[in-house]
Amino acid sequence: MLSAPPVELTAAGVTYPNGVRGLGSVELTVRAGEILGVIGESGAGKSTLLNLLTGETTATAGAVSVLGQDVAALDRAALRVLRREIGVVFQGVHLLANRTVRQNVAAPLTLRPRRERDTAAVDEVLRFVGLDHRADAFPAQLSGGQRQRVGIARALVTRPRLLLCDEPTSALDAATAGEVLDLIRDARDRFGATVLIVTHDLDVVRAVCDRVALFDGGALADVLPVRRTGRLEPETYLDRARRELGA
Ligand SMILES: Nc1ncnc2c1ncn2[C@@H]1O[C@H](COP(=O)(O)OP(=O)(O)OP(=O)(O)O)[C@@H](O)[C@H]1O
Ligand SMILES: [Mg+2]
């Protein structure tokens with residue numbers, strides 16, 4: 001039997017309690033193992049889409065299926081189980097300031113029964129994001145890009161089948177953003193995760209996305225295949241600055 005797509009929206013819509021339409025009637029199928037870019041102007045409904053997938057926001061119309069389950073039909077316990085399969089990386093990660101890098105990354109595991117906690121996974125994922133040597137540092141002692149990598153490590157430590165990223169590279173320079181995107185792509189290649197990346201940066205789409213969904217005023221305007229470049233920048237940040245900004 002063919003398994004269900006990781007994400008399927010059928011005429012899905014969200015009207016917020018104040019009457020604002022977050023999303024219209026969206027039809028979207030995300031393929032297993034793909035990296036889907038999600039773009040659109042501010043207010044287009046991109047974050048609303050991600051919140052629908054985690055069950056944070058409930059569809060007021062249509063149906064949302066995530067990892068083969070109808071999200072609206074899940075009770076709180078079932079939703080909690082589903083959320084363990086979903087990793088989220090948000091714009092400007094929120095790390096616990098009084099916890100070390102290792103403790104921050106391990107946090108999603110501490111929500112699990114003790115027998116299911118896998119401390120080796122914490123070390124592995126810290127190595128994966130290149131921060132094993134900073135495991136005992138506190139967030140304030142890291143650069144913004146390093147903090148973002150801790151956020152990615154935290155999202156990956158549970159080996160999510162679905163990875164949702166909202167502006168994962170905003171506020172990072174191109175080289176650091178490139179590293180973060182490499183990590184996201186590796187997460188797909190090595191762990192088989194399906195990935196959605198909300199971004200305002202077309203270079204990000206070109207670098208890693210297989211397809212891109214264009215949202216406009218709460219509607220899905222288009223889904224396009226992407227001719228990928230496989231990298232964020234053809235030249236270094238400083239070379240590009242010299243070329244573009246120099247007299
Ligand atoms: N909790 C909420 N209550 C009421 N309206 C909301 C809520 N969250 C979002 N909206 C509205 O829904 C619409 C879509 O918002 P959303 O956050 O999905 O946009 P976005 O595409 O993520 O924008 P941005 O690029 O600025 O993050 C906007 O008009 C927004 O004001
Ligand atoms: Mg948003």
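Cover here is a matter of contact, meaning that the C-beta atoms of two residues, placed from the backbone, lie within 7 Å. H3 itself spans residues 101–110, and its buried residues are Val101, Arg102, Asn104, Val105 and Ala106. "Buried" takes 20 or more other C-beta atoms within 10 Å of a residue's own, "exposed" takes 12 or fewer, and "partly exposed" sits in between, with C-beta atoms placed from the backbone.

A word on the model: it is predicted, so local features need pLDDT of at least 70 and side-chain atom pairs count only at pLDDT 80 or more, while totals for chains, interfaces and linings use all residues. Residues are numbered from 1 along each chain as its sequence is written, and chains are lettered from A and ligands numbered from 1 in the order in which they are written.

## The overall build

The protein has eight helices and ten strands. Its radius of gyration is 18 Å, close to the 18 Å that the globule rule gives for 247 residues, so the protein is as compact as a globular protein of that length. That radius is taken over C-alpha atoms, and the rule is 2.2 Å times the number of residues to the power 0.38. Along the principal axes, the C-alpha atoms fill a box of roughly 55 × 45 × 40 Å.

Of the 247 residues, 37% are buried. Take the contacts between residues at least 6 apart in sequence, and 69% of them join residues at least 24 apart.

Twelve residues of domain 1 are in contact with 13 residues of domain 2.

Which elements give two or more residues to the side of domain 1 that touches domain 2? They are strand S7 (162–166) and helix H6 (174–191), and H6 gives the most, with four residues. By class, that side of domain 1 has eight nonpolar, one polar and three charged residues. For the classes, Ala, Val, Leu, Ile, Met, Phe, Trp, Tyr, Cys and Pro count as nonpolar, Asp, Glu, Lys and Arg as charged, and the others, Gly among them, as polar.

## The four-stranded sheet

S2-S1-S4-S5 is the order of an open sheet of four strands with antiparallel pairing. S2 and strand S5 (69–70) are the edge strands, each pairing on one side only. Strands count as paired if DSSP finds at least two bridges between them.

S1 (residues 7–15) and S2 (residues 21–30) run antiparallel over six bridges, with leucine 9 opposite leucine 28 in S2. The two strands form a hairpin with five residues between them, and glycine 19 in the turn has a positive phi of about 90°. S1 is also joined to S4 (residues 61–66), again antiparallel, by five bridges. Along that pairing, threonine 10 has alanine 63 as its bridge partner, and glycine 13 stands opposite alanine 61.

## Residues worth a click

Alanine 11 belongs to strand S1 and has a phi near 45°, a positive value in a residue other than glycine. It is exposed, with 12 other C-beta atoms within 10 Å. Leucine 67, in the loop between S4 and S5, also has a positive phi, near 50°. Leucine 67 is partly exposed, with 19 other C-beta atoms within 10 Å.

Alanine 32 lies in the loop between S2 and strand S3 (35–39). It counts as partly exposed because it has 15 C-beta neighbours inside 10 Å. Leaving out residues up to four places away in sequence, alanine 32 touches Pro5, Pro6 and Thr194. Its C-alpha atom is separated by 20 Å from that of alanine 11, 21 residues away along the chain.

## Around ligand 1

The shell around ligand 1 includes Tyr16, Asn18, Val20, Gly22, Gly40 and Ser42, along with Gly43, Ala44, Gly45, Lys46, Ser47 and Thr48. A residue counts as near the ligand if its C-beta atom, placed from the backbone, lies within 6 Å of it. Helix H1 (residues 46–54) gives the most to this shell, with three residues. By class, the shell divides into three nonpolar, eight polar and one charged.
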